[in-house]
Amino acid sequence: MDDKETRTCKNLRFSRFAHAFEHPTHPFLYHSIFQTKVFLDRTEWESLRRFYRTKRYIQLDELTQRLYKLGFIVGKNEDERTKDLLKRELEKPIELRSLFLILTERCNYSCSYCYQYPKRDLDMSPAILEKSIRTFIKTTRSFKGLKNIFFHGGEPLLRHDLMRAACRQVDYLIESGETSNVGLAVSTNGSLINNEIAREAHAHKVFFAVSLDGFLKKHNCHRSKGHNIYKEVTNGIKVLQRNNVDFSIMTTVHNQNVRDLAKIAEHFITKLGANSLGFTILLGNDKIAPDLDLFADSLLNAFEVIRRYGVREARLSVQLQAFLEERLNLYDCKEYRGEIVVSPDGQVGPYLYFIGSRLFFEKSNLKNMDVNKMERFVNFATNTPLNEDNCLDCQCVGICGGGNHYNRYYKMGVLNKHDPDFCVYSKKALRWMVTDLRKKVFGE
Ligand code: SF4
Ligand code: SF4
């Protein structure tokens, strides 16, 4: 704190980003942007409470000086400066790092909640596939992190031949020194996995994300009618295991399975050998969407199980890691910044879930993938709660991500407004993280 500030302490106040979590013995202050945390004792909190509530006029003492240094207490305009800093951060060039190839829009299933609507009888041509990969590899040459190529559909394994061609092309580009550090993954309903596919996947280190909504008929009730989904998919998973293919089970959470996520997680881990799980909230379908309050409770219970088994999880663990490592988690899905989706007919778009409607997609000659020159991509990348003034005052702004872009658009017809239903989940998740940390620190 400089001399001027100490002389004019009436200018000091609690930052709009400082949030208090009251507790009988271990009250807690949390900075929603810097992600810093301070546990206080009861007396300290009593001395601060009035100032915190009114947000104004801080009495200077050792504690408040410490909180000033940590950014919980600020001088005039300091919050504005933090806001400007965040803005500049968001305006930094986007680095392309993920390519989603929609190998086909056809599918052998007909799930009632499929986001890919209308379905077209359309497969990607080998020429578009080859060109997309070549351009992606060229564009990402200077990117040092992991570059990902995802095979999607429809059901991508209906065009396993295209997946094989893509894997061979990537291998060739790696061997010839054109690129390195490329991850390959396929998102599949699991019904078409056979030994040949699994052997090739193992050889090319393709990661499998297999969809399965639970272990009971009612859990899978919204998936393809007339198929014994559970049996088909678990057979596919066994084939992957026999061939040492790394896989994850992805569950779409809807009104029928939302209460059972802990049981589902335990079953997938102990009976199906999953060491990675993902729970995705059903998107764009109000009739069978889960209640998000229930979803939050159920996912938090499931997470306790998942953590006990040391298994990876794709939603809460990302937020928790950011919270613990004092990093911002700006997006509900990290692919909002740096993803490019290529449709079978060679159109490009910033987000997979709009593939059916082709909203935000545009024609492309696939010679250039400079997403910084494409307005739609920049819009997606900068659409985070940090850009919404209402969200800036929310305790969750640094970890929440603002919900799914597809759901936002589906519900509100715009991208740049957060999904209020999603806030219920975010707030519970943050409270859980604070309690979890308190338990770790104080062993309560
Ligand atoms: S398996 Fe996937 S792509 Fe196929 S119908 Fe179901 S949700 Fe849609
Ligand atoms: S989306 Fe909701 S929970 Fe997230 S920061 Fe905005 S108001 Fe908070």
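The structure is a predicted model, in which local features need pLDDT of at least 70, side-chain atom pairs count only at pLDDT 80 or more, and totals for chains, interfaces and linings use all residues. Residues are numbered from 1 along each chain as its sequence is written, while chains are lettered from A and ligands numbered from 1 in the order in which they are written. The protein chain comprises 15 helices and 15 strands; these are DSSP runs numbered from the N terminus, helices being H or I of at least four residues and strands being E of at least two.

**Overall dimensions and packing**

- The C-alpha trace of the protein chain spans about 75 × 45 × 40 Å along its principal axes.
- Of the 444 residues in the protein chain, 41% are buried (20 or more other C-beta atoms within 10 Å of the residue's own; exposed means 12 or fewer, partly exposed in between, with C-beta atoms placed from the backbone).
- Among contacts in the protein chain with a separation of 6 or more, 72% join residues 24 or more positions apart; a contact requires C-beta atoms, placed from the backbone, to lie within 7 Å.

**Nonpolar cores**

- The largest nonpolar core contains 96 residues, and L101, A166 and L299 have the most contacts inside it; such a core is a set of buried Ala, Val, Leu, Ile, Met, Phe, Trp, Tyr and Cys residues joined through C-beta atoms within 7 Å.
- Helix 10 (residues 292–308) supplies the largest share of this core, with eight residues.
- Another core lies apart from it and has 15 residues, among them L29, Y68, I73 and V74.
- Leaving out residues up to four places away in sequence, A166 touches L101, L129, I133, I149 and F151.

**Helix 5**

- Helix 5 (residues 126–139) has 14 residues and reaches 20 Å from its first C-alpha to its last, close to the 20 Å expected at 1.5 Å a residue; the expected span is 1.5 Å times one less than the number of residues.
- I128, L129, S132, I133, T135, F136 and I137 are the buried residues of helix 5.
- These buried residues pack against strand 6 (98–102), strand 7 (147–152), helix 6 (160–175) and strand 13 (339–342).

**Ligand surroundings**

- Around ligand 2 are P385, C391, C394, C396, V397, C400, G402, H418, F422, C423, S426 and K427.
- Eight nonpolar, three polar and one charged residues form the shell around ligand 2, to which helix 15 (residues 420–442) gives the most, with four residues.

**Backbone geometry in loops**

- The peptide bond from Y117 to P118 is cis, with omega near 0 degrees, and P118 lies in the loop between strand 6 and helix 5.
- N244, a residue other than glycine, has a positive phi near 55 degrees; N244 is placed in the loop between helix 8 (229–242) and strand 10 (247–253) and counts as exposed because it has 10 C-beta neighbours inside 10 Å.
- R358, likewise not a glycine, has a positive phi near 60 degrees; R358 lies in the loop between strand 14 (347–349) and strand 15 (362–363) and counts as partly exposed, with 14 C-beta neighbours inside 10 Å.

**Two helix residues**

- E89, in helix 4 (residues 78–90), is exposed, with 11 other C-beta atoms within 10 Å.
- F377, in helix 12 (residues 375–382), is buried, with 26 other C-beta atoms within 10 Å.
- F377 touches I94, P350 and V371, residues up to four places away in sequence not being counted.

Terms used. Near = placed C-beta within 6 Å. Nonpolar A, V, L, I, M, F, W, Y, C, P; charged D, E, K, R; others polar. Contact = placed C-beta atoms within 7 Å.
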